[in-house]
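Work through the exercises below with the sequence and the coordinates open beside you.

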Amino acid sequence: MEHRDYFEDVYDVVRLVPAGRVTTYGAIAQYLSLRAGARMVGWAMNAAHGRDVPAHRVVNRIGVLSGKHFFGSPTAMQDLLVAEGVLVQDDRVVEFRKVLWDPTTELL
């Protein structure tokens, strides 16, 4: 059986998320068929610091910036998204469905 580095697989997908768009932990997990699901993607995002991974583009299934506590300041994740044109209000992506990037449909 071939050994896979699931974190690197997650990072490869996250690197494909275009600026100005967001994806979810669950969408990445579904695309990669990860058994531990969204939780494993969350672990990968928590370990992504210091890598070339736009982790700020990964939010929870309803558009909440649930990983914001891992960005050094309470507003860093939001600041990065806003700089890319993503509207955020009360720690939630505004018009979430419009900016959602789902690798299952986008990477056909």
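## Exercise 1: a salt bridge and its surroundings

The side chains of Arg57 and Glu84 meet in a salt bridge at 2.6 Å, N to O, where a salt bridge is a side-chain nitrogen of Lys or Arg within 4 Å of a carboxyl oxygen of Asp or Glu. The model is predicted, so that local features need pLDDT of at least 70 and side-chain atom pairs count only at pLDDT 80 or more, while totals for chains, interfaces and linings use all residues. Residues are numbered from 1 along each chain as its sequence is written, and side-chain values use heavy atoms, with hydrogens and water left out.

Task: locate both partners in the chain and classify the burial of Arg57 and of Glu84.

Solution. Begin with position: Arg57 lies in the loop between α3 and β2, and Glu84 in the loop between α4 (76–83) and β3 (88–89), so the pair links distant parts of the chain, 27 residues apart; helices (H or I, at least four residues) and strands (E, at least two) are DSSP runs, numbered from the N terminus. Next apply the burial classes, in which buried means under 20% relative accessible area, exposed over 50%, and partly exposed in between (1.4 Å probe, protein chains only). Arg57, at 11%, is buried, whereas Glu84, at 23%, is partly exposed. Finally, consider His56, which lies in the loop between α3 and β2 (58–59) and is buried, with a relative accessible area of 8%. Not counting residues up to four places away in sequence, His56 touches Phe71, Met77, Leu80, Leu81 and Glu84, contact meaning heavy atoms within 4.5 Å.

## Exercise 2: a helix pair

Task: determine how α1 and α3 are oriented to each other, and state which classes of residue form their contact.

Solution. α1 and α3 pack at an angle of about 80°, with their axes 9 Å apart; axes are lines fitted to C-alpha atoms, for helices over the stretch in contact, and angles run from 0 to 180 degrees between N-to-C directions. Angles of 65 to 115 degrees count as roughly perpendicular, under 35 as roughly parallel, over 145 as roughly antiparallel and the rest as oblique, and α1 and α3 are therefore roughly perpendicular to each other. Turning to the residues, Tyr6, Phe7, Val10, Tyr11 and Val14 in α1 meet Met40, Val41, Trp43, Ala44 and Met45 in α3. By class, this contact has 10 nonpolar, no polar and no charged residues, with Ala, Val, Leu, Ile, Met, Phe, Trp, Tyr, Cys and Pro counted as nonpolar, Asp, Glu, Lys and Arg as charged, and the others, Gly among them, as polar.
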